[in-house]
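This briefing is meant to be read alongside the sequence and the coordinates. Please keep both at hand while going through the points.

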Amino acid sequence: MKKNELRIQQVFSHLENNDLDLGFRLLMDCVHDTQDFSLFKETISLADWKAQNPNNETGLTQRCKTLLEKTAKIPIEEAPREDFIVEGEKLYKSYGANRFSLGPISVNIKKGEVYGLVGENGNGKTTLLRILAQELKLDGGEICYNFKEKHLSSFDLKTKLIYIPQRTKTWYGSLKDNLKFVLSNYNIPAEENEIRTLMMIARFGLWNYKHLKWSELSSGYKMRFELARTMLRQPELLLLDEPLANLDILSQQLILEDLKSICNSLNHPVGLILSSQQLYEVEKVSDKVIYLKNGKYHESHSEVKEEIVTRPEKLIVEIESTLSREVLTKAFEDLNPERLIYNGGVYIAFFPSTVRYHQVLLALGAAKVEIVYSRNISKSSRRFFVS
Amino acid sequence: MKKFIQKTNKYVLENYPLLWNIKATWFLGSAILLHALFFLTGYFLMSDVTVLHKRRVIDIFLENGTAFFASIVSIIQIVIWLIYLFKNNAFKEFYPTSRKSLFFQFLIFFCFFFISISYYFSYTIGIKSYVTSHYSQSSFLEDVAIANRASPFFSHSLSDYTLDKLKYPHPLDSLYCETTVNDIDLSKPHYIFKKNYYQFYSVISIEIPLNDRRSGRLENEIHSSYTDSSRIAFLKDTVVDVAAFIRSEKPLYSNYSGTFYSLKYSIDTLNMEKNNGVFKVLGASPYYSVEAWKSNKDISELMDQKNPELIKERLQKLLDLVQKYEIPTNLTTDQWLQLVYQPNAFEVTNIIRRVPNLDLPSDYYDDDYYYDYNYVVSYPESAQDISEEFTSYKTEILTDYYLSTRKLYNTFENIEHISHTNIFEGTIHFFIWIAFFLASILFAFRVTGLRPLLFGIILSGILTMMVGLGTILFDFAGGDSSLVALNSIFFMGTIILILPLFFLKIIRKSFLGIFVVLSIVGFAGYLLTIIGIISTLQRQRCVRLFDYNYEEEKCFILMNYLGENTSYILLLASLIFLLLYTSIIKKWRALPER
């Protein structure tokens, strides 16, 4: 089964299971990939209908399914994603003698993949992003960009490198006009401008917010508008610095899911690299997580998961509890924990590779201790944050 | 209306993002409205004919507060526009921007600034339109002729009617009348009125080459004029007895040879036929003109006819004119005729005031009153020694009648000046360069940022101080400080221009930004410096070649040769430079920091 068919099926399944919000968003991604303007218009009408009939779930499901059927009939040419869009070799940046330096780091990014950049503050996340965005001069190493269209000048290259800093600038005037302004600058024909803009507004769930002023938006919606504006530029590489800062947990998840889905477009995949402090959320959507510490990096990705299977490593469990160390030590005494670190309300327990996570849970259950949550972080970059 | 605005906004946004970004439609719309408003204000201002009574009404924009109002309007308009402009910057956001579009942006800035600060033109065009449409050339010439024909009877100044004004018939037109008491040869024919002396001399001329050391005033010299290679000195020669032509030693209307209003732009005046004799060579002097001769002939012949009706007709026509132009007077035709006409005698026995006889305190001062009171229509009284008797006689015959001929004169001058003046000449350069300077500052800010602009201003201030100090020091040492200053500016300008051109990838971006700003804003000045250096060197060479006979006209000096075109050439060159420089701007913008 082709990727597109799989995706259509997935959307259908979401609609069937009444996951309407998710289903509708993914449906819009499917429609977007068709680049069919009649379907765009139908999607926009549907978004409008949805906004006017927020409680009519049956009607929405029915309309979504009809649109999905039409979308499924349009063939989509899948874009190749094997080649790296950015190849950075031994990147090195120094802010001066005895000051912070980054690297050498080698970074290769493919289209359609999401790269999470994590690490404590002051360890080089923003520096790396700005180097990739050509905002900072390299002191060593080399970066090669392989975009669909070759860039003719350094300015031309910069138009293709979309970097969104942590603090975005204020928008002035109508939000919709701001979005349309981008398309006009990218020479999108006038007749497509409005449709593409509304499509993006709908896709990022901004339909009911498009008439508001920038100052009336919450941080989450500001970020969503910023992302909508960014995606209208049809980037091949997207560099986001802390896009989840100041967002509530729900907004974080929503934005990450949207980004993952949009970047995973079939005919216009985008290479995304984002920095964040939200480890677990980022790990959930990332194909690769880059952990930076003192300007050097550790990588964890799907290949690591396999390595763990074949080459057993320690089991590391994070436990949040108000219990004393003695109580926990007693609960785990049969599992022979190697270390138990208390990190201000959170315990990190290190067990031998022979211990499995369910055994830890069993031990906690048997001891009838009160815990807030526990998590296996053996494969998570969270383990790098343990001092 | 709201729908129309939205529709227009949508169209411009979708098709011309740059124009939308700078709110060009609304800016232009408001600018056109404001220009129309200024035009109408200027136009209807002229519907009050008394406005023309003051001097240089063409400059009224600067004098009646309109300039201040226009400045406020310009500032508000520019500020509002900038607020909208600063909302978006596609170039800084790295949206695709071609060099052409960047240059176009500058051109728009330039045009907008020019439009915003040039309300002077629409206001003055309004004034000009009213004047040209309400005072046709033919009716104006007729009015001037009426005023000139009646002017002998204005009777403002007794000196206008004394013997020295007599120019008709020949040979009086070729003689010089001496009025300085100490220069009168009492042994030869002379004439006295109230202890004022008059003696007529023949005139000879001597041509002195310009390189002749005898550059001082010669004995008996009364006037001099210049040709390309020589100075012609006119000397009074021998006393001539003109008793046969003199009716009386008293001031007579038939002595009048003044011209109330001489056309300044008339082709007739330019091609004025020169009279015979000494007038031909003395044509350049205001004291010897064919107009004086004609004027004197005209009034002499009129008086000789002894026909009061002819005089009355002249006075009547003048008073009609006075009514048309709302000139203050308390004269009626009959009263006036009574004042000026005595059968068988042409003597001036009544003086008519130029302003009403107001009982003003001695320390009273008013500009108009002062000028009106002291204004001399045709001859400066200082040319003559005035005796006390003469002065007291003037007071004796002074009446309370008044006719504000000064206002009539101003009206004529204004009509002629406004009709013939090209209001763009000269002033256009002022507005062009103000607009260009503001546009280049704004453009530099838009493409680089606030920091490079501020540092650019600081650096240019430091460099100016350095050049100033260097020049002062050099001046103390006795050198040619102007050339030193120009050379220093040229040297620094060259470095500023070269750095972004050739060291783009070597020097730090933030540092280079300052030079990019200075290049954008200062290129026109740099070119002007080059022209200045060339011209100064050419001038120095010319001085060396011709020594004390040095005249700039003898040598080719670039700045003189280019003249007013220098401004247009600099503008064109600056625009071409900016078009080419957009490439550097884009490269600089794309540079990474540090």
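This is a predicted model: local features need pLDDT of at least 70, side-chain atom pairs count only at pLDDT 80 or more; totals for chains, interfaces and linings use all residues.

**Overall build of chain A**

- The domain assignment divides chain A into domain 1 (3–72), domain 2 (84–299) and domain 3 (315–385), and the centres of domain 2 of chain A and domain 3 of chain A, taken over C-alpha atoms, are separated by 36 Å.
- In terms of secondary structure, chain A contains 14 helices and 13 strands.
- Because a compact globule of 387 residues would have a radius of gyration near 21 Å, the value of 23 Å for chain A agrees with that expectation.
- Taken along the principal axes, the box filled by the C-alpha atoms of chain A is roughly 70 × 60 × 45 Å.

- Of the 387 residues in chain A, 52% are buried, and among contacts between residues at least 6 apart in sequence, 71% join residues that are at least 24 apart.
- The accessible surface of chain A amounts to about 18600 Å², with 48% of that area belonging to carbon and sulfur atoms.

**Backbone features in both chains**

- As background, most residues other than glycine have a negative phi, and most peptide bonds are trans.
- K368(A), which is not a glycine, has a positive phi near 50°; the residue is placed in the loop between helix 14 (357–366) and strand 13 (373–376) of chain A.
- Since exposed means over 50% relative accessible area, K368(A) counts as exposed because its value is 75%.
- K195(B) likewise has a positive phi, of about 65°, without being a glycine, and its position is in the loop between strand 2 (191–193) and strand 3 of chain B.
- With a relative accessibility of 51%, K195(B) also counts as exposed.
- The peptide bond from Y168(B) to P169(B) is cis, with omega near 0°, and P169(B) is located in the loop between helix 8 (137–150) and strand 1 (176–178) of chain B.

**Surroundings of Y197(B)**

- Y197(B) belongs to strand 3 (residues 196–209) of chain B.
- Leaving aside neighbours within four places in sequence, Y197(B) is in contact with several residues, including E178(B), T179(B), V181(B), L186(B), H190(B), Y191(B) and I192(B).
- I184(B) is another of these contacts: I184(B) and Y197(B) are 13 residues apart in sequence, and their C-alpha atoms are 7.3 Å apart in space.

How values were computed. Residues are numbered from 1 along each chain as its sequence is written. Chains are lettered from A and ligands numbered from 1 in the order in which they are written. Side-chain values use heavy atoms; hydrogens and water are left out. Domain bounds come from an automatic or database domain assignment. Helices (H or I, at least four residues) and strands (E, at least two) are DSSP runs, numbered from the N terminus. The radius of gyration is taken over C-alpha atoms; the globule rule is 2.2 Å times the number of residues to the power 0.38. Buried means under 20% relative accessible area, exposed over 50%, partly exposed in between (1.4 Å probe, protein chains only). Contact means heavy atoms within 4.5 Å. Accessible areas come from the Shrake-Rupley method with a 1.4 Å probe; for residues, only the protein chains shown count as cover.
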